[in-house]
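Have the sequence and the 3D view at hand, and take the topics one by one.

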Amino acid sequence: MAKKPSAAAAKTPDLIVSKPISLLEREIKADIGGLFKSLGAAAAHIGTKKYYDLAADASSALSALSLKPDAGGLAWLLIRRSLLRAMQNLTQESWLHRSSEQTPDAKALEVELDRALSKAELTVSKDFFRRPGSLSLLPECTDWFHQWLLQIGFDQPKATSICSRLPSYFVYALNQEWREHAEFYAPIIPAATTPFTPAGERERAWEQYRAWLDQELDSPMFGEPFSLRQLYVPLRAYYERLPQGQLDMPTERGVEKNRKRIALNFTDQLLTWVQAQNKNDACRVVSGGPGSGKSSVAKVFTAEVLAQTGWRALYIPLHRIKYKGDIIPAIHQYLSDTGLLPGASTPLDRESGEPQLLLIFDGLDELAMLGKIAQTNTHDFVRAVKELVQDHNTTALRLKVILTGRTVVMQGLESEFRKEGSVLHLCPYKVADEDKDHYERDWELLAESDQRQDWWRKYGELTGQSYTGLPQSLNREDLLEVSAEPLLNYLLALAYQSGGLDFRKEVTQNQIYATLIHEVYDRRWAGGENFAVRGMGAVEFHRVLEEIAVASWHGDGRKTTVREVTQHCADARITPLLEIFQDGAENGVLRLFTAFFFRKAGDRDQDNAFEFTHKSFGEYLVARRVVRLLADMQEELLRYEQTYRGWTPQQCLEEWARLCGPTAMNSRQWDFLKNEIHLPTARPQEWQTLLVKLIGILLRQGMPMEKLALPDFLKMQCQARNAEESLLLTLSATAQVTQKLSDIPWPERTSAAAWIKRLQGHADQYESILAVKALNWIRFENQVMFMSDLFEADLSGANLAGAELNGTNFSEADLGGANFSDAILSRADLNQAFLNGADFSGADLTGAYLRGANIYEADLSHADLSDADLTQTILIEADLSDADLSDAILAGADLSGANLDSVKGLPKNWKGIVAFY
């Protein structure tokens, strides 16, 4: 075996040099035959699920190939082994996509290819050292590799897709091979160039980074035989125009429809911005929803900048950095830990750093959600980035920054980026026609191209399907939200190809994800061919995936380790599901990571960390796990009531706290949860009754946190709050299906307000409070809730009859169909609230603020609205009979069709200040 490289040798640069002064003494020609015979042996090992060691003794390899241990022989060995490594990696990644699952036997072809290869004229020149992807042999090797892939069972489209990625994999393999055997290949250096200078070393580091990025973009996409680069469709975007006469964007968003948009090509616009020499315009924000392609476009754009401009560019996934309040050390530590920029891992150093550097920070929202910075300090991080840019650009333009993040977080940061064009919003593949009025300029750019058609054409070519565009059965209005978003469109394609869904009916995102998991398990590894799930049934596969998702959720929201998953499975008492693997539970978990959509994500606590390729996979699986527990609790509690052998209500709460306590549920998980409870297999009516019973017990006795052996009271409080909120969210989800009141047995008249306040806590102004959005269809009759903060709450269908709600903030709340009869709402804030069909009969609304509220068809009979502000309130067809409107402000109110029989206090000129018919 080759010696293990020393620390110094490990830092030796790869073959790519910036300006070699001297070349090899002679053009080196050598026999590189035997390559495909070795590749066939590697494929045989892949087929038997054994590890094929590429790192065989290098000295023996020289002798076997009749190569001299001089610079020429070593160079050819380096090329041969790198080609073999690249081909084996490509084959192994796509092995399960072969059309034929028979063990390949391509010996005759391998001999023929090796014979042709040995006759090829091979030359190492200075071009190779500068651009290894330009190796003259590479096109022929690509053609031969294509023939070999067809021979071992890949169909034509897959073979074409795989071999087209060989050049980038070869360049990356060169870097790997050199770094692993630096001392062995060291004699090549003096023969190829003069001693390395620091500038040359930095150049080689950036070339290596570019090779890594190219290989990332050419890596399999979700385990497919094609890559992101091959399927990528360049996205469009828009920015919002400044209101006329203003130099900066206003600090408050105002009404969305009043903001006019300018459409643009994302890459073209940003490339122009990068190359512009304006140090006062050095920051851009890219905003988009989950699955909108933010990370993909960030990676692709990084590669574009490196290839087309003189700027250096770094893609930095923010959930991977160890940020502790200082940006520069965090970036340099990330580069050092990952080894992505060896020899130049301090690009922000003031003395030796890069003269022109673009930093692309991807996922600002995840940095906040993962707890690496508090939500309330997101602004502080952004300001620190802006200060970094300002400091580096004091005398000349040296640094530019792009920040990406989800729309809801980026909207809260608009006050930091008020220059027109600073905030770019990614557009979906298809922009709805009704959005046209939002655009002031260049709408044609969006309207002329439905990018779904381009995507499906590419997908058809890569998979061997005859798609000329989006299949007609998927070109439906109710599927537009799914097909227009990059990630969901891909999942839709998988579900469509599997045939597991009837797209003639309404299809939810949950159903698409469920079909995807079934496809991963069933189609890819039918017949037990996949060693990762051999012996594990589909139900067990789903169950363990859910526990992996919970382990990630309980950790940092996205990543987990084999040890953590193993412990979670033990706590959930499902370790026997892993013990079907003969090599142990931990290795079983590791195999499952290879079977589903996971990727390596650095280290945590000295263990390898893994993460879902997209966070929504984990969020969906967590929702499934919550519903599974709900069903288990229903069954166990019923068994206890019948035989005293199941779970008591307190044990149900304990299990709930164990699952839902460590981390609060987020809005995406809740959306998936609601979809699960809408499925035909769900039992929402039974679950609603169960949840009402459990909430009543926790209101009287509290959550049994003492059973969880938590280290301190603070953690007990925090986890109790999370568990209680998730109970409320789940109750809301069941009520949305049943449309029946949840009759919670409130212990005291103040219990509802106290519980809601405890669940609310004190959030950042940009943080969504889920607890108040889950108050629909609950009976709050006669509860004392005055001065409560129910901003943007959902109380639709709730019963608040006789409740004391003086001074309560219902601004922008959904109160549709709620019962407020005889309730006290004096001085309540109902600004822009939705009150359609609500019952306010006999309610006290004296001095209430109802400006802009929508009270269509509401019952306000006998209500006291004296001194109320009804400016621009919509009261169409409302029943105001016997209501008191003394001194009420009615300017601009719409009373069309309203019942005004016996109304008191209408001003004499009321017909001149309201709309009516």
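In H34, the buried residues are Ser751, Ala752, Ala753, Trp755, Ile756, Leu759 and Gln760. Buried here means under 20% relative accessible area, exposed means over 50%, and partly exposed is anything in between, using a 1.4 Å probe and protein chains only. This is a predicted model, where local features need pLDDT of at least 70, side-chain atom pairs count only at pLDDT 80 or more, and totals for chains, interfaces and linings use all residues. Residues are numbered from 1 along each chain as its sequence is written, and side-chain values use heavy atoms, leaving out hydrogens and water. Helices (H or I, at least four residues) and strands (E, at least two) are DSSP runs, numbered from the N terminus.

- With 7 of its 10 residues buried, H34 is largely enclosed by the rest of the structure.
- Those buried residues pack against helix H32 (684–701) and helix H33 (713–738), where contact means heavy atoms within 4.5 Å.
- Arg827 sits in the loop between helix H34 (751–760) and helix H35 (910–913). Its phi is positive too, about 60°, although Arg827 is not a glycine.
- Is Arg827 buried or exposed? At 59% relative accessibility, Arg827 counts as exposed.
- Ser902 is found in the loop between H34 and H35, and its phi is a positive value near 60° in a residue other than glycine. Ser902 is exposed, with a relative accessible area of 52%.

**The sheet**

- There's an open sheet of 8 strands with mixed pairing, in the order S4-S5-S6-S3-S7-S1-S2-S8. Two strands pair if DSSP finds at least two bridges between them.
- At the edges are strand S4 (312–317) and strand S8 (439–441), each pairing on one side only.
- On average, neighbouring strands of this sheet are turned by 30° against each other, direction ignored. Axes are lines fitted to C-alpha atoms, for helices over the stretch in contact, and angles run from 0 to 180 degrees between N-to-C directions.
- Strand S3 (residues 283–288) runs parallel to strand S6 (residues 399–406), and 6 bridges join them. In S6, Leu403 stands opposite Val285, while Arg406 is the bridge partner of Gly288.
- S3 also pairs with strand S7 (residues 423–426), in the parallel sense over 3 bridges. There, Val285 stands opposite Val423.
- Why is S3 described as largely enclosed by the rest of the structure? Because 6 of the 6 residues of S3 are buried.
- Both faces of S3 are covered, with Cys283, Val285 and Ser287 buried on one side and Arg284, Val286 and Gly288 buried on the other.
- Helix H18 (residues 378–392) lies across S3, strand S5 (357–362) and S6, running at about 165° to S6.

**Nonpolar cores**

- A nonpolar core is a set of buried Ala, Val, Leu, Ile, Met, Phe, Trp, Tyr and Cys residues joined through side-chain atoms within 4.5 Å.
- Of the 215 residues in the largest one, Leu359, Phe780 and Phe810 touch the most other members. Helix H29 (residues 615–643) gives the most to this core, with 11 residues.
- Not counting residues up to four places away in sequence, Leu359 touches several residues, including Leu314, Ile316, Leu388 and Val401.
- A second, separate core of 40 residues includes Leu78, Ile79, Ala86 and Leu138.

**Aromatic rings**

- The structure holds 26 aromatic pairs. Rings of Phe, Tyr and Trp (its six-membered ring) pair if their centres lie within 6.5 Å; planes under 30 degrees apart count as stacked, over 60 as edge-to-face and the rest as tilted.
- The rings of Tyr513 and Phe672 are tilted, with centres 5.5 Å apart and planes at 45°. Tyr513 lies in helix H24 (residues 509–522) and Phe672 in helix H31 (residues 667–677), so the pair ties together parts that are 159 residues apart in sequence. Tyr513 and Phe672 are both buried.
- Phe820 and Phe840 are stacked, since their ring centres are 4.8 Å apart and their planes are at 0°. Both Phe820 and Phe840 are buried.
- One aromatic cluster is formed by Phe226, Trp455, Trp456, Tyr459, Tyr467, Tyr496 and Phe503.
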